[in-house]
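Visitor: Could you take me through this model, one question at a time?
Guide: Gladly; please ask, and each reply will end on what you asked for.

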Amino acid sequence: MEQHDWPAEYAELTAADRRAPLPPGDLDRLAVAAFVLGHDDEVAAHRERAYEAHLAAGDVPAAIRSGFWLGFHLQTRGELARAAGWQARIERLVPPEQPQLAGLLAMADAALTMNSGDPAAALPLFEQNLRWATEPDAIVLAALGRGNCLAMLGRGAEALKALDEAMVHVTASEVGPEVAGMAYCSVIARCLDQYDIRRAQEWTQALTGWCDQQTGLVPYRGTCLVHRAQILQFRGAWSDAAEAAADACRRLTAGAVGSAWYRLAEVERQRGRYDEAERAYVAAAADGTDVQPGLALLRAYQGQVGAAVAGLERALAEDRLAANRPLLLAARVSIALDTADRETARKAAAELHDLARADSPYLQALAAYCEGAVRIACGDPQGAIPLLRRAWTLWQRLEMPFEGAQTRVLVAQACRALGDVDAEQMELDGARSVFERLGAIEQLTALDQLAQPFDGTGLSPRELDVLRVLATGATNRAIANELFLSERTVARHVSNIFAKLNVSSRSAATAWALQHGVNTQK
C-alpha cells in the first residue's frame with residue numbers, strides 16, 4: 001500500500017469547503033479523512049451533507065451509499081437508534097432494479113440485528129449478503145458480520161475462518177480505511193477470545209504496519225486499543241500497554257469503557273502499582289464489567305483472602321461456559337495454593353486441563369503451569385518439572401516473558417525440593433534477569449526472600465520451614481503432611497539442616513532453633 005497523507009487531504013478539503021461548499025463526492029472524502037484522523041464528531045455531519053448533495057444532484061445510488069456509510073459510522077459509535085433512523089430513510093430510495101444497493105441495505109439491517117443482541121437472526125442475513133456482494137468493502141463487511149455472529153453463538157473455529165476470508169481482501173489493500181480498521185480489530189478480538197495469542201500478535205503486527213502507511217492515522221480506537229494493550233502486556237511492554245489502555249479509557253463511552261478500565265487495572269497490578277489497579281478495577285465495575293479474576297488476585301495480595309475466594313467462586317458459578325473461565329480457574333489454583341487448600345487447587349487445575357484445547361498453546365501453557373504448581377505443593381517436585389518445562393517452552397514461543405519467568409521460579413522451587421541447588425540457582429538467575437528487564441518489583445522482592453539464607457547459617461527458606469516444624473517435636477511424616485512434601489524430601493532437608501547447623505540430632509537442632517528465636521508457632 002502506498003503512503004497516504006491524510007492530514008494534507010483533510011486540510012485541503014476543509015480549506016476548500018470554507019471557500020465554497022464541497023461537491024458531494026469530496027464531502028464523502030472529507031468524512032473518510034475526518035474518521036481516519038479521529039475527528040469522529042465531524043464524520044456524521046459530512047456524510048449527511050454528502051447525502052443531501054447527492055440527492056439534490058439526482059444521484060440516488062450515491063446518496064444511498066453516503067447514507068449507508070453514515071449509518072455504519074453511527075453503529076460503530078453505538079448510536080443504534082440514529083443508525084436505524086437513517087436505515088429507514090434510505091430504504092425508501094432503493095430502486096427495484098438495483099439489487100446491489102438492496103443488498104447493501106440488507107447488510108445494514110443485519111448489522112443492526114446483530115448489534116441489538118440477536119446474532120442467530122443476523123447470521124443468515126450476513127450469509128445471504130455475502131453471496132450477493134461484489135464490491136470488496138461489501139464482501140468484507142458481510143464476512144465480518146458472519147464471523148462475529150458465529151463467535152457470539154459460540155462457534156469460535158468457524159468464526160475465525162470467516163474472518164480469514166475477510167482479511168484476504170483487507171491485506172490486498174482492496175478496502176477503505178474504515179472497513180480495514182474494523183476488520184483488523186475484529187480478527188484480533190476473536191483470536192483473543194479463542195486464546196489464539198500467537199495469531200492475535202501476528203494480526204496486531206500487521207495492523208501496525210497498515211497504520212504506518214496511513215500518515216496521521218489515529219491507529220487504535222476504542223476496543224481496538226484495549227486489544228492492543230493486552231498484546232503489549234503479554235509481550236512485557238507494560239508502559240506502552242498502560243498508555244494504550246488509558247487512551248481507550250478516554251475514548252470509550254459509558255457502557256463500553258469498562259473493558260478498558262479492567263485492562264488498565266490488570267497492567268497496573270502486574271506492574272505492582274496496586275493503588276492504581278484498585279482505582280481502575282472500581283471504575284471498570286462501575287461501568288458494569290466483571291472484574292474477576294483480576295480483583296481477586298489483588299485482594300489476595302492485600303491479605304483479603306476471604307474476599308478473593310468469594311469473588312472467584314461467584315464468578316465461576318455464574319457461567320460454566322464463559323470464555324473467561326480458564327483465567328478464573330488459574331487464579332483459583334494460585335489462591336488455593338497460597339492458603340494450602342490443595343484439594344481445591346487440584347480440582348481447579350484438573351478442570352483447566354480439560355479446557356486446554358490442543359489448538360491453543362496459551363491454554364496448554366497455563367494448564368501445565370497450574371498443574372506443575374499443584375504437584376510441587378503436593379510433594380511431587382519431580383513430576384512437576386516436565387510440566388513446567390513444557391509451559392516455559394510454550395511461553396517462549398508466545399513471546400510472553402513474564403509468564404515464562406514465573407514458570408522458572410516454580411522450576412527453581414522444584415529443584416530446591418530435590419536438592420539440586422545448582423539448577424535452582426540457574427533458574428532463579430534466569431527469572432531475575434527477566435523481572436529486572438520488565439521492572440517487576442514485587443517479583444524481584446519475592447526472589448530476594450526466596451534466596452535469603454537465615455541468619456548467616458545458609459538455611460534456605462524451605463529448610464527453615466522444616467526446622468520450625470521439626471522444633472515442635474514432629475516426625476518426618478508429620479513435617480511432610482504439614483508442608484505438603486514427601487517424606488524423602490523432608491529427610492533430605494533434615495540432613496542438610498544438621499550439616500549446616502553442625503548438629504547431629506533432632507534435639508540439638510530443636511535447641512538451636514529455640515536459642516536463635518525461630519518461631520515454632522503456626
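Visitor: Which residues have the most contacts inside the largest nonpolar core?
Guide: This is a predicted model, and its largest nonpolar core has 148 residues. In soluble globular proteins, nonpolar side chains tend to be buried together. Within that largest core, the residues with the most contacts are Tyr362 and Phe435.

Visitor: With which residues is Phe435 in contact, leaving aside its neighbours within four places in sequence?
Guide: Contact here requires heavy atoms within 4.5 Å, and neighbours of Phe435 within four places in sequence are set aside. On that basis, the partners of Phe435 are Phe402, Ala405, Gln406, Val409, Ala440, Gln443, Leu444 and Leu447.

Visitor: What distance separates the end C-alpha atoms of helix 10, and what span should its residues give?
Guide: Helix 10 covers residues 177–193, which makes 17 residues. The expected span is 1.5 Å times one less than the number of residues, so for helix 10 it should come to 24 Å. The distance between the end C-alpha atoms agrees with this expectation, being 24 Å.

Visitor: Is helix 10 largely enclosed or largely open, judged by its buried residues?
Guide: A residue counts as buried when its relative accessible area is under 20%, and 15 of the 17 residues of helix 10 are buried. Just after this helix, Tyr195 takes a positive phi of about 60°.

Visitor: Is Tyr301 buried, partly exposed or exposed?
Guide: Tyr301 lies in helix 16, which covers residues 294–301, and has a relative accessible area of 43%. Since buried means under 20% and exposed means over 50%, the value of 43% makes Tyr301 partly exposed.

Visitor: Which residues does Tyr301 touch, not counting those up to four places away in sequence?
Guide: Arg269 is 32 residues from Tyr301 in sequence, and their C-alpha atoms are 9.9 Å apart. Not counting residues up to four places away in sequence, those touched by Tyr301 are Tyr274 and Glu442.

Visitor: How far apart do the centres of the positive and negative side chains lie?
Guide: The protein chain has 52 positive and 66 negative side chains. The centres of these two sets are separated by 6 Å.

Key. Residues are numbered from 1 along each chain as its sequence is written. This is a predicted model: local features need pLDDT of at least 70, side-chain atom pairs count only at pLDDT 80 or more; totals for chains, interfaces and linings use all residues. Side-chain values use heavy atoms; hydrogens and water are left out. Lys and Arg count as positive and Asp and Glu as negative; His and the chain ends are not counted. The place of a charge is taken as NZ of Lys, CZ of Arg, CG of Asp or CD of Glu. Helices (H or I, at least four residues) and strands (E, at least two) are DSSP runs, numbered from the N terminus. Buried means under 20% relative accessible area, exposed over 50%, partly exposed in between (1.4 Å probe, protein chains only). A nonpolar core is a set of buried Ala, Val, Leu, Ile, Met, Phe, Trp, Tyr and Cys residues joined through side-chain atoms within 4.5 Å.
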